[in-house]
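Here is a short note for a colleague opening this structure for the first time. Please read the points with the model on screen.

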Amino acid sequence: MSATTRAGTGLHPALRAFPGAVLELAPDGVVLESNGCLERSLERAVAGIRLDDLLDGASRAKLAEMLRRRPAPGEPPVAWELILEGRDTLSAHTFYPVWSDDDPGGDRLWLVESPRDPRFGAVHEELAAVNSEQASTQRQLSKEKARLGRALDELERELGENAQLSRTLQQQNEEMEAQNEELLAMTEELHAGQDQLLGLNHQLERRSRELQLALSARNRFYAAMSHELRTPINAVMGYNDLLLASVYGSLNEQQELAIERSQRAAQHLRELVNDVLDISRLEAGRAELQPETVDLGALVDEVFASLRPMAQAMGVAMRLSSTGAVTVESDRKQVRQLLENLVSNAIRFGAGAPVFVRVQAARGGGAQVEVVDGGPGIAPEDQGRIFDEFVQLARDENGDSTGVDGTGLGLPIARRVARLLGGQLDLSSTVGVGSTFRFTLPDRVAGAAGA
Amino acid sequence: MAPAEAAVFTGERRAAGRDDAANRFLDAIVAGNRRRAFEVADQAQAAGMDIRGLYLQVFQPALREIGRLWQQNRITVADEHLATAITQAAMARLYEGLFASATGQGPLLIAACADSERHEVGLRMVCDILEMEGWDTVFLGAAVPLPDLVRMVCDRRPQVVALSASLGPNLERVEAAIRAIREGCAEQPVIAVGGRPFSADPGLAARMGADLTASDAAEAAERLRERFAA
């Protein structure tokens with residue numbers, strides 16, 4: 001629609017000077033006339049264009065409503081607010097619509113602005129700015145405050161943690177110090193204990209050395225003495241024999257009795273010396289073994305034969321029980337000595353009861369020999385010391401009254417010999433029933449000697 | 001506007017089944033009664049409504065209604081300004097509580113409004129709602145000089161830049177801001193735009209080079225949440 005083909009009715013002179021905008025609109029919204037006020041405010045042309053084109057979107061609907069509505073006569077006028085777009089601005093303007101329907105060119109809508117102090121709008125803008133500024137400041141402050149609060153909480157938490165850590169460290173430190181002191185004390189104790197142990201060790205070594213010296217001295221002494229003693233004993237016995245054989249003239253009964261006693265005493269002395277020699281030889285490790293096949297049954301018979309005079313004299317019977325031929329590879333002389341030792345003991349201390357010797361092959365190889373007597377038996381508390389040197393129970397308990405004699409070295413020697421041969425000598429005994437001395441022998445003795 | 005007249009609108013809205021607190025708040029801001037508006041907000045909070053509820057169920061509908069009332073020629077621009085100013089003040093009163101519960105650990109959003117101050121309230125709402133959801137938001141307000149905005153975006157490298165314009169002539173400024181950010185910053189943020197022109201023309205945002213748009217604060221928060229849901 002072109003403005004050139006249309007014309008306004010011409011503004012009344014009074015309206016030209018009106019302080020507010022006055023517009024004459026065709027019913028389709030085209031501006032026909034303006035009093036120039038709006039042009040100044042918007043800095044753009046107004047007449048001849050659709051008012052819509054100057055309006056903000058929301059205001060267009062309002063203008064359409066203004067054009068559509070025709071108030072009834074007498075109805076009080078209602079003001080409408082429109083937002084107009086200037087070259088760079090937007091501004092609100094309040095208009096009173098006035099319809100004139102007596103125009104020759106058709107209906108006209110007059111928009112008469114309700115004038116407003118221009119400062120009014122400026123105050124509004126300023127207030128809005130202040131309000132916004134305040135809200136923004138409040139927003140920023142609250143945000144910072146919250147952030148600071150969180151940082152403070154964090155700091156507090158860290159401080160708390162640090163304090164806790166510090167306490168823990170302190171505690172651990174104290175604990176470690178205490179442990180350290182304890183360790184130091186323990187170390188000192190250990191040092192003291194070590195010193196003591198060292199001292200004891202030295203003492204022990206010294207004692208051991210002394211003992212060794214004493215033992216070897218004793219053994220040397222035994223050996224030397226035995227040799228030195230045997231020579232005069234042999235001389236005594238030789239002269240006794242000559243005397244008893246009446247080489248130096250006949251003896252009367254009293255003299256003969258005296259010489260026989262002297263001879264028995266000399267014999268006992270010689271046995272004693274021999275045993276001492278045996279012991280010292282065994283202890284010095286000088287006993288040399290010569291292994292050969294030994295028939296134990298035959299050997300027992302030989303021993304019986306050699307001891308028969310003694311057994312007969314004491315009225316003691318000797319019996320051998322053997323399960324077939326039992327042989328071992330061993331030192332015949334030593335085994336014989338062992339047997340003689342045990343059997344003569346059984347005869348001597350057996351109280352006249354028969355002596356039994358049982359020979360049997362041992363279950364794991366080797367042999368076992370038992371010498372059983374019917375003597376008074378040995379009390380359990382004495383069974384341990386019977387193998388000690390120079391212990392003779394009967395003599396200890398009854399003095400010399402039983403008439404049995406011995407050196408007190410027989411059983412210690414027997415046990416040493418059994419061990420030398422690789423076996424063992426044990427005793428089982430019941431008081432009032434008798435004693436059984438049992439020794440074992442390996443089927444083959446070790447070639448080398450050793451005590 | 002006379003209080004009696006505001007009450008008439010209230011009656012209409014009640015018939016439409018609107019929330020009671022929203023109605024009473026609207027009555028208060030239409031009447032320009034700042035004290036009563038604050039009371040309504042306080043009472044709603046005391047009754048158990050949280051800050052997000054106040055924003056979405058009281059402030060936003062009330063402001064939308066204010067715009068409608070102006071379009072119906074029932075209130076004036078002055079009334080609208082006053083109502084908006086009171087609502088802004090009511091929002092500001094909640095900031096203490098809002099930021100105390102916010103973590104600010106989420107994505108960063110920088111918001112700027114191309115209009116004058118009296119149209120910034122919508123964008124402010126978007127920022128506040130996102131802040132409640134754990135975002136870190138910087139609200140620059142109205143009339144930020146363009147070079148300053150671009151420098152800030154380049155420096156702080158936000159995940160989102162939100163721009164708003166309510167009035168047609170200001171769209172140019174939004175377009176210029178988008179262009180400047182696209183050309184000037186090495187790291188490109190998501191650019192969100194909003195305001196009445198974008199709601200009226202759904203294709204406008206894309207034509208101007210923006211990544212997303214929404215018609216109100218709740219929808220904007222929803223869209224951004226979707227986009228940045230880890």
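1. Start with a strand in chain B. Both faces of β4(B) are covered. On one side sit B:V190, B:A192 and B:G194, and on the other B:I191 and B:V193; all are buried. The strand spans residues 190-194 of chain B, and five of its five residues are buried. Keep in mind that this is a predicted model.

2. Now look at what flanks this strand. β3(B), residues 160-164, pairs with β4(B) in the parallel sense, over five bridges. Within that pairing, B:A162 stands opposite B:A192. β5(B), residues 212-214, also runs parallel to β4(B), and three bridges join the two. There, B:V193 has B:T213 as its bridge partner.

3. β3(B), helix α8 and β4(B) make a right-handed β-α-β unit. Helix α8 of chain B covers residues 171-184.

4. Next, the whole sheet in chain B. It is an open sheet of five strands, ordered β2-β1-β3-β4-β5, with parallel pairing. β2(B), residues 136-142, and β5(B) stand at the edges. Each has a single partner strand, so one side of each is left without a neighbour in the sheet. From one strand to the next, the twist averages 20°.

5. β1(B), residues 108-113, runs parallel to β2(B), and five bridges join them. B:L108 stands opposite B:D136 of β2(B). A helix also covers part of the sheet: α11(B), residues 217-228, lies across β1, β3, β4 and β5 of chain B. Its direction is at about 145° to β5(B).

6. Are the cysteines buried or exposed? Take the bonded pair. B:C154 is partly exposed, because its relative accessible area of 25% is not under the 20% that defines buried. B:C185 is buried, at 6%. Two further cysteines can be compared with that cut-off. A:C37 is buried, with a relative accessible area of 14%. B:C127 is buried as well, at 0%.

7. One serine brings the two chains together. A:S142 lies in helix α4 of chain A, which covers residues 118-244. At 3% relative accessibility, A:S142 counts as buried. Which residues does A:S142 contact, leaving aside its neighbours within four places in sequence? They are B:Y95, B:E96 and B:F99.

8. Turn to chain A overall. It has ten helices and twelve strands. Of its 451 residues, 34% are buried. Among contacts in chain A with a separation of 6 or more, 62% are between residues 24 or more positions apart.

9. Chain A has an open sheet as well. Five strands form it in the order β7-β9-β10-β12-β11, and the pairing is mixed. β7(A), residues 318-322, and β11(A), residues 424-430, are the edge strands, each pairing on one side only. The twist averages 15° from one strand to the next. Inside the sheet, β10(A), residues 367-373, runs antiparallel to β12(A), residues 434-441, and seven bridges join them. A:A367 has A:L441 as its bridge partner in β12(A).

10. A helix packs on this sheet. α10(A) touches β11 and β12 of chain A, and its direction makes about 135° with that of β11(A). α10(A), residues 410-420, also meets α5(A), residues 253-283: their axes come within 10 Å and cross at roughly 35°. The crossing is left-handed. From α5(A), the contact uses A:D275, A:D278, A:I279, A:L282 and A:E283. From α10(A), it uses A:G410, A:P412, A:I413, A:R416, A:V417 and A:L420.

Terms used. Residues are numbered from 1 along each chain as its sequence is written. Chains are lettered from A and ligands numbered from 1 in the order in which they are written. This is a predicted model: local features need pLDDT of at least 70, side-chain atom pairs count only at pLDDT 80 or more; totals for chains, interfaces and linings use all residues. Side-chain values use heavy atoms; hydrogens and water are left out. Buried means under 20% relative accessible area, exposed over 50%, partly exposed in between (1.4 Å probe, protein chains only). Helices (H or I, at least four residues) and strands (E, at least two) are DSSP runs, numbered from the N terminus. Two strands pair if DSSP finds at least two bridges between them. A crossover is right-handed if, with the strands pointing away from the viewer, the path from the first strand over the helix to the second runs clockwise. Contact means heavy atoms within 4.5 Å. Axes are lines fitted to C-alpha atoms, for helices over the stretch in contact, and angles run from 0 to 180 degrees between N-to-C directions. A crossing is left-handed if the near helix is turned anticlockwise from the far one by less than a right angle, and right-handed if clockwise.
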